[in-house]
Amino acid sequence: MASSLRALPVHGVAERSCFAKLPLALMQAVHQDESTPEMPLVLQLSREANQDKESNVDEDKKGHKHMYVSWSGAASASQGVEMANEMMAALGLEEGEKVQLRACRGVPKAKSLELEPAHADDWEVLESNQEYLEEQLLNQVHVLQKGQEFPFWVRNNRPIQLRVAGAKPSNVCCAVDGTELLVAPCSRKGHEINGDVAAVHGALPDTQGKPAWLRVLPLGENRAAEVLGASKSKLHCSAKNAVLTIHPQTADRYEFRKGQTVYILRQDGKDGPNDQKKSYQAYFQIDISNTVPVEHVLIMESTMAYVGMNLPTRVTLYPTPVEREPIETLGRIMLTPLIFEDVGSSPEANDFCDSLSTGGFAADRLKEWIKANRVAGMTLLDDNSQISFFLQERGGDLVDEVRMVVNLLPKPSGRSFVMIDKLPESTNVIVGRESYVPKLVRPFRMWEGVEEEEDQWLQSLADDVMEQLEWHLNPDRVEELCRLDAPPPGHVLLHGAEGCGKSSFVLSIMKRLSEAVVPVHTVFVDCVELSEKVPETQRAMFAEMVHEAIACAPSLIILEDIEEIVPEITDDAMLQMQMQEGGLPMLPLLNTLLEQAGEEAQAGRPIAIMATSCTVDAIDASLLIPGKLDYHVGFPQPSLSERKSIIVNKLESYGCTFDSKALDSVAEEAEGYDASDLTILAERAIHAGYTRAYSLSSAAGSPLCVTGKDFEVALEGFVPAIMQRMGKMSLKQKKDEEAGWNLVGGMHAATSSLQEILELPSKFPELVSQAPLRLPTGVLLYGPPGCGKTHVVSAAISATGLRSVVVKGPELLNKYIGASEAAVRDAFQRARSAAPCLLFFDEFDAIAPRRGHDNTGVTDRVVNQLLTELDGVEALTGVFVVGATNRPDLIDPALLRPGRLDQLIYCGFPSAAERKEILQALLADVPMASDINLADIAESTEGFSGADLQGLLADTQLNAVHEYMEMPEETRPSEGILLSARHMYSALGRTRPSISSQERERLEGIYGNFVSSRTMGLGTSYKAKGKMVSYA
């Protein structure tokens, strides 16, 4: 029995089951119909037949389509029916589409269900998760219909599509406990790549001569004028669609001669007997030129589209069995212009097509084409072929290509093509109606649109990488290595943080290689996408890509984000997870590829590998040994001039002018930004400029001038990519020296030392760069709690405008082996990436105690890692390390020797004069009465630390607020709340130093012993508050 129909919209939501959700109103109606409805409740969805798209569901007598889902009691968040987006797609429903809904009861229980995967890839996933399917099917779906497709979510992976191939006892039934599941496989269709062409294309006609399997060299619009020798004084030039050009050595090897006719097998995409694609012969003439590399064939891109080739590829040229004699007469020739709906056409192309039907214009253009395609005195004209005209501006570049289909009327008897030396005068050339083609078949180039000017700052880096790739891809160099019996060089690994320019750099390398004398084929592997596949699919896809690279050699295989498929195993947990998921299926394949690349090169199939990664350490170490990925290229941060160049190129690409002084300022302010950050910054400045320009009454259409104000708006709130990944850190602030150091009262030794270390490199960068010795970059601030160690560091950051990475000591420690050291490495790496940067370790004694006192050995390994980072092989360029501690005597002495944390600064209890300076700094912006004498307050606060003085002023302000609130409104002072002496002394009477005299004496004894042990009897006292330098 079914309830009455209700029309409701359907909405897609992010769910991981096939159950539907109902609105509250409908839920109430269901419960009213039956007090205890059968759950899960089967719902029948119907829609009008004229609204239905292609679907495999039943149709009732009223013209409705029936689809079935189940409701388990969940409520929707809207007024319609909600279900998973994947389920909507399987049912053929669109977002917001209205369906008629009714509840169905008495649906039979399924005795058996026969399921099959909808795709071969889904079968590979399902094959390894059949037990999971049996366990979780009832949790994801309830009602099923024969012929229906539905999604099934396998653990955390994407859903797979399953199809109901059979159901018993009826076509629509419910899966329940006890239902027998029968899973049928789905085989992968296709053919393997091998040298047997007949296996792919079927039986080949008898041929004479030697078939030539050549590498395709495409000729597109960008090189047409150069290669075709078109005159720039003409409005159009004819493309050589009927000619294939090869090198003389290639012609000798395969016994081809100039003007010889050959054919290429082409497929029209229509199915023939036994599901084979129908193959046709496309005929061409051979031309010979030294400009084409050996073992290559030059083909027009429009011809490649006609033949059905992808770029790049290899193609077999078959000589024709019999020579064709030229014919003297032709009946009619019809030219049909092709207009591609996805790209349209230019005004020049429209004018060209319109003029074809006027006078003898069509015949004149066809004569031009015949003349341009003449080889050895003859031109080949193939029926139903495409010819092209490249349109030119007068004295300018190519602007468009017009393609037309040629039809010979009547068709030549017994011939697939005709040979003519000129167009017979009796031939009638007519123009057919424009034929609209849904899509332009054009080879895809990832590097299209890449401007070399944008990567000028990486020019030297690109030259080095090209030089390394030459040893793999240049046949002469490969031959030289073989002659010397030298091992092949290693392959290239590009590493750098996200956004540093690796992807654009790879595209520029691809563009360079494509423009070489022998263009290099590139196989691009997205390792992120590949890692989401099951191991069997990963191996199959990668093997197919390697076969493509070998077939189209010389080739470059690009592995983007290689760490996604071959990560370095860093801990036991990750190792166990990898073992559960089948290990690293790509590791042996990559090792084999890297080992055999040299053998392929010696066999005439040169292959190079270039991989990208965030860091070198993220990749399995077996791939980094010599001969494999051993040529490591790190991406530097752009210098000042390079930052200016990147911003200028982006501004000029949009036709904008700019203020040179403002550009210099923003380039200096953007220190540490990578290429993508600078590009986004320039775009934000352009947006700000347009917003400003349109708010004014400026002339429309005039070039935009980006001003300093626009750059300021662009910088406001902008967070560079490196800082978005930094975790706990402060962004680079606008340098405010006055506001920074003025926040510090007293502490003259600490402020002068930090000014010397932090400001000298920024004020005199050229002088510092010429210094032959390394300047000190490490500082340890020590002293009692609350005496301003952390505060002075914060003030230094504000005064210098440095970025900062702040690390609380204990947060680095981790119970897992190796995790603490990794956290230390990560902190230093983040600081290096954000240079110039201040790396601040608070509570430094917690992570760097003396070695040998920790039973677990964790802190010992952390100290070793700190020693390596502070004074290791990799210099801390642009990174200043500051540590703060209350107990310097607990820190391992090796960290305090020169070259590490060599500047030891004591931050002790302030004197009376320093307490006065601290009070002045804290009260700088606070309104006070004239009766407050800060000198007296300073004398009365002996033993107070800076934090104690700040607490005293907080209590003072609270006293003033209470007094102000207790006054009647008419007697309250007009200037508001003022701090007075009575408020101050009232708070002072209740405040005591946070450190007792006994604790102070103990700490001073510890600091005295520490200093005496460091100075080795030189007599320097820690109370001098000068720089305490260790001479270990």
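Reply: Helices here are DSSP runs of H or I with at least four residues, strands are runs of E with at least two, and both are numbered from the N terminus. The model is predicted, so local features need pLDDT of at least 70 and side-chain atom pairs count only at pLDDT 80 or more, while totals for chains, interfaces and linings use all residues. Residues are numbered from 1 along each chain as its sequence is written, and side-chain values use heavy atoms, with hydrogens and water left out.

The axes of α19 (residues 660–669) and α21 (residues 708–715) come within 9 Å and cross at roughly 20°, which makes α19 roughly parallel to α21. Axes are lines fitted to C-alpha atoms, for helices over the stretch in contact, and angles run from 0 to 180 degrees between N-to-C directions; those under 35 degrees count as roughly parallel, over 145 as roughly antiparallel, 65 to 115 as roughly perpendicular and the rest as oblique. On the α19 side, A662, L663, V666 and E669 meet G708, F711 and L715 of α21, where contact means heavy atoms within 4.5 Å. These residues divide into 5 nonpolar, 1 polar and 1 charged, with Ala, Val, Leu, Ile, Met, Phe, Trp, Tyr, Cys and Pro counted as nonpolar, Asp, Glu, Lys and Arg as charged, and the others, Gly among them, as polar.

Helix α18 (residues 640–653) also packs with α19, at an angle of about 120° and with the axes 9 Å apart, and the two are therefore oblique to each other. Their crossing is right-handed. From α18, the residues L640, R643, K644, I647 and V648 meet L663, D664, V666, A667 and E668 in α19, a contact with 6 nonpolar, no polar and 4 charged residues.

As for the whole chain, the protein has 33 helices and 40 strands. Buried residues, those under 20% relative accessible area with a 1.4 Å probe and protein chains only (exposed is over 50%, partly exposed in between), make up 47% of the 1032 residues. Of the contacts with a separation of 6 or more, 79% come from residues 24 or more positions apart.

Note on methods. Left-handed = near helix turned anticlockwise from the far one by under 90°.
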